[in-house]
Amino acid sequence: MIISAGILWGVTGLFVNALDGRGFTSMQLVACRAVITTVLMLVTLLITDRRLLRVKLRDMWCFVGTGIISIVMFSYCYFRTMMRTSVSVAAVLLYTAPIMVIIMSAVLFKERINLQKGICCAMAFVGCILTTGALTGGVNLPADGIVTGLLSGFGYALYSIFSRIALNKGYNSLTIIFYTFLCANFGVLPFVNVVDTAQKAFCTDIGTALMIVAMAIVTTFLPYLLYTGGLTSVEAGKASIMASVEPVVASVCSVVLLAVPMRANEAAGALLVLGAVVAVNIKVVRKNAAQ
């Protein structure tokens, strides 16, 4: 489930590139994803089990954490870093997240930091650097770009942490996702022109509307459903490492769909990330095999 989520997140760039050409800003895309995902989750819960809509008021801070502190802060800082540096540098700084998740999980959830997890985390991070090509050519690294890049990684990491806390409180993954994006709406909508965004998304042409809905389903609704569900039985630190397949998928999409050539360092990085995903699960595989 977690690897599948990473794969779906990896195709985000295809939608962003297409919609950027149709005049959408980064925050408008974030708003569209948040609103549509909220509606889809509400319909899902009303059809499947309305009881999952019930939450305790004293636990709302968990969803403010996943929605505003994580989703909104991560999205804004990630896009801001792209503008101040480059897509590749922003991706590398974003994938400091597994390191942060492992450290915070050790403190908050007493998850062990063993040699295997440390090596896999290092493999995934180096693999992301190579896959994104951040070390090739001139790299622009302004101080504010580095800060927002690290904050994007921190925000990305916090989703795993706040979600784990909510899961430990007994909330269903569907409940967590619905209230996450409900709260995210309050964090992002004040920064966009709602009427202009809605008209641009749904009143321009049917192709744009279908693309917006598809982006929300493929890159938000389904992957968050899979990732949060996977967290019920996988340590947050391991989950964050496995989700590192995202930049690998993004690179493969560029090669296959956009005819962008893959260099040797990018191929090596992809192999490192995939190796980390396999290695972090070696004990689980052996245990299941023995059973």
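**View 1. Helix α10 (residues 194-202) meets α11 at an angle of about 105 degrees, with the two axes 6 Å apart.** Everything here comes from a predicted model, where local features need pLDDT of at least 70, side-chain atom pairs count only at pLDDT 80 or more, and totals for chains, interfaces and linings use all residues. Residues are numbered from 1 along each chain as its sequence is written, and side-chain values use heavy atoms, leaving out hydrogens and water. Helices are DSSP runs (H or I, at least four residues) numbered from the N terminus; axes are lines fitted to C-alpha atoms over the stretch in contact, with angles from 0 to 180 degrees between N-to-C directions. The angle makes α10 roughly perpendicular to α11 (65 to 115 degrees). On the α10 side, the contact (heavy atoms within 4.5 Å) uses Lys200, Ala201 and Phe202, while α11 brings Thr208, Ala209, Ile212 and Val213. By class, that's five nonpolar, one polar and one charged (Ala, Val, Leu, Ile, Met, Phe, Trp, Tyr, Cys and Pro are nonpolar; Asp, Glu, Lys and Arg charged; the others, Gly among them, polar).

**View 2. Helix α3 (residues 26-48) packs on helix α11 (residues 206-230) at about 75 degrees, axes 9 Å apart.** So this pair, too, is roughly perpendicular. From α3 come Leu29, Cys32, Arg33, Ile36, Thr37, Leu40, Met41 and Thr44, and from α11 Ile212, Val213, Met215, Ala216, Ile217, Thr219, Thr220 and Phe221. The tally for α3 with α11 is eleven nonpolar, four polar and one charged residues.

**View 3. Asp59 sits in the loop between α3 and α4 (60-84).** With 6% relative accessibility, Asp59 counts as buried (under 20% relative accessible area, 1.4 Å probe, protein chains only). Its side chain makes a polar contact with the side chain of Lys169, at 3.4 Å (a pair of N or O atoms within 3.5 Å, one able to donate a hydrogen and the other to accept it; residues adjacent in sequence count only if both atoms are side-chain atoms). Skip the neighbours within four places in sequence, and Asp59 is in contact with Lys169 and Tyr171.

**View 4. Helix α8 (residues 143-168) is followed by Gly170, with a positive phi near 100 degrees.**

Definitions and conventions:
Helix = DSSP H or I, 4+ residues; strand = E, 2+ residues; numbered from the N terminus. Parallel < 35°, antiparallel > 145°, perpendicular 65-115°, else oblique. Buried < 20%, exposed > 50% of the residue type's maximum accessible area, 1.4 Å probe, protein only.
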